[in-house]
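Q: Please take a close look at one part of the chain shown here, the pairing of its aromatic rings. How many aromatic pairs does the count come to, and where do their members lie?

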Amino acid sequence: MPEKRTTPRKNFSFYMRVLNDDTQEILGHMVEVSSTGMRLETVGPLPLNKDYYLRIDITPDLGSVPFIVFIARTKWCKMDVIQPNLFRVGFEIMEIVPEDREVFLRIVNKYGS
């Protein structure tokens, strides 16, 4: 299967939870990140092509706000081959306000490797 991604992903070296902003439940945590999306590790499968309002709580060194919120769409979902009780889910950022985008890019640059 040819690679469709146009933006390189980076491994994520920091444990950062991602919440469903509508329900306030933890959706998963980031394991890879790019300027246009991320891969989460989740405890259950997520439906494809569904938009979520996602929230990331941030630390003061990343910005002056306590969290950022944006809309991201699930692009793929696969069971983890090593830990079958976990799922890997790819998200594409669909909408994000410019101020939150700046914070997200700081997250990518600071914790992505």
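A: A residue is called buried when its relative accessible area is under 20%, exposed when that area is over 50%, and partly exposed in between, using a 1.4 Å probe and protein chains only. The model is predicted, so local features need pLDDT of at least 70 and side-chain atom pairs count only at pLDDT 80 or more, whereas totals for chains, interfaces and linings use all residues. Residues are numbered from 1 along each chain as its sequence is written, and side-chain values use heavy atoms, with hydrogens and water left out.

Read from the N terminus, the order is β-β-β-β-β-β-β-α. Of the 113 residues, 42% count as buried. Among contacts (heavy atoms within 4.5 Å) between residues at least 6 apart in sequence, 55% join residues at least 24 apart.

Rings of Phe, Tyr and Trp, the last by its six-membered ring, pair if their centres lie within 6.5 Å; planes under 30 degrees apart count as stacked, over 60 as edge-to-face, and the rest as tilted. By this rule there are 2 aromatic pairs. One of them joins Tyr-52 to Phe-91 in an edge-to-face arrangement, with 6.0 Å from centre to centre and 75° between the planes. This pair links distant parts of the chain, since Tyr-52 belongs to strand β5 (residues 51-57) and Phe-91 to strand β7 (residues 87-95), 39 residues apart. Tyr-52 is buried because its relative accessible area is 6%, and Phe-91 is buried with a value of 4%.

Phe-70 and Phe-104 make up another pair, also edge-to-face, with 5.7 Å centre to centre and 65° between the planes. Phe-70 sits in strand β6 (residues 67-79) and Phe-104 in helix α1 (residues 98-111), so this pair ties together parts that are 34 residues apart in sequence. Phe-70 counts as buried because its relative accessibility is 2%, and Phe-104 is likewise buried, with a relative accessible area of 0%.

Note on methods
Helices (H or I, at least four residues) and strands (E, at least two) are DSSP runs, numbered from the N terminus.
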